[in-house]
Amino acid sequence: MELKDINIERLMDLAVSGDNDAFKEIYKYFFTPVYKYVLIRTKRDDLAKDISQTVFLKSFENIKRYKYQGKSPLAYFFTVAKNEIINEWRKTRKTFNYSQEEIKSKFQSEENIERNTENKLQKDKIFKYLGLLTDEQKELISLKFISGLNNNEISEITGKSEEAVRQLQFRALKALKDLLRNE
């Protein structure tokens with residue numbers, strides 16, 4: 001069953017009322033998008049897994065305080081994730097190292113690489129240049145193209161208007177395109 005086939009708001013309501021099985025379903029459907037978001041921001045697989053687990057642990061512990069505010073429940077989990085990343089950064093007082101191989105291994109299958117060498121070269125270039133974008137642009141790219149969110153959902157998570165999200169997306173893609181073209 002895909003996420004679009006279930007009523008996630010209903011699952012959230014059940015989880016808020018104490019239904020642990022509903023929260024397990026929420027975890028099952030939302031862990032991967034949250035993990036991918038965290039991985040792009042932290043650039044470390046082990047840390048991304050730890051932070052993602054913390055996101056769901058804290059969400060589970062505080063689920064009774066969740067209130068539907070007209071936003072996708074996924075926005076709630078991304079907000080918790082963003083806060084956990086900030087907390088981790090504050091604790092370590094360092095920036096995260098970008099590991100292309102670690103990220104590529106999570107999002108590409110061997111079959112795709114063998115099937116389409118040109119596609120692999122393009123992805124390698126994109127991952128290389130992704131590190132040169134601003135943090136805001138990297139966050140948008142990860143939310144839009146890796147987590148698969150639409151502009152409305154990104155707007156909810158970032159607190160920016162949909163128009164600002166579109167403009168930032170345009171600038172980020174243009175910057176990537178310019179970097180690829182200038183290579």
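Colleague: Let's start with Tyr37: what makes this residue count as buried?

Modeller: Buried means under 20% relative accessible area, while exposed means over 50% and partly exposed lies in between (1.4 Å probe, protein chains only). Tyr37 has 0% relative accessibility, so it counts as buried. Phe78 also comes out at 0%, so Phe78 is buried by that rule. Across the protein chain, 38% of the 183 residues count as buried.

Colleague: Where do these values come from?

Modeller: This is a predicted model, in which local features need pLDDT of at least 70 and side-chain atom pairs count only at pLDDT 80 or more, while totals for chains, interfaces and linings use all residues. Residues are numbered from 1 along each chain as its sequence is written, and side-chain values use heavy atoms, leaving out hydrogens and water.

Colleague: How many helices and strands does the protein chain have?

Modeller: The chain has 10 helices and 0 strands. Both are DSSP runs numbered from the N terminus: helices are H or I with at least four residues, and strands are E with at least two.

Colleague: Now the rings. How do you know how many aromatic pairs there are?

Modeller: Rings of Phe, Tyr and Trp (its six-membered ring) pair if their centres lie within 6.5 Å; planes under 30 degrees apart are stacked, over 60 edge-to-face, and the rest tilted. By this rule the count comes to 10 aromatic pairs.

Colleague: What are the rings of Phe30 and Phe77 called as a pair, and why?

Modeller: Their centres are 5.4 Å apart and their planes meet at 55 degrees, so this pair is tilted. Phe30 lies in helix H2 (residues 20-42) and Phe77 in helix H4 (residues 73-92), so the pair ties together parts that are 47 residues apart in sequence. Phe30 and Phe77 are both buried.

Colleague: And what about the rings of Tyr37 and Phe78?

Modeller: Here the centres are 4.9 Å apart and the planes stand at 70 degrees, so the pair is edge-to-face. With Tyr37 in helix H2 and Phe78 in helix H4, the pair ties together parts that are 41 residues apart in sequence.

Colleague: Which residues do ring pairs link into a cluster?

Modeller: The cluster holds Tyr27, Phe30, Phe31, Tyr35, Phe56, Tyr66, Tyr76 and Phe77.

Colleague: How do helices H1 and H2 cross?

Modeller: Axes are lines fitted to C-alpha atoms, for helices over the stretch in contact, and angles run from 0 to 180 degrees between N-to-C directions. The axes of helix H1 (residues 8-16) and H2 come within 8 Å and cross at roughly 135 degrees. That makes H1 oblique to H2, since angles under 35 degrees count as roughly parallel, over 145 as roughly antiparallel, 65 to 115 as roughly perpendicular and the rest as oblique.

Colleague: Last one: which residues of H3 are buried?

Modeller: They are Asp45, Leu47, Ala48, Ile51, Ser52, Val55, Phe56 and Ser59. These residues cover an arc of only 165 degrees around the axis, which puts them on the same side of H3; the arc is that of the directions from the helix axis to the C-beta atoms. One of them, Ala48, has a relative accessible area of 0%. Its C-alpha atom is separated by 8.0 Å from that of Lys36, 12 residues apart along the chain.
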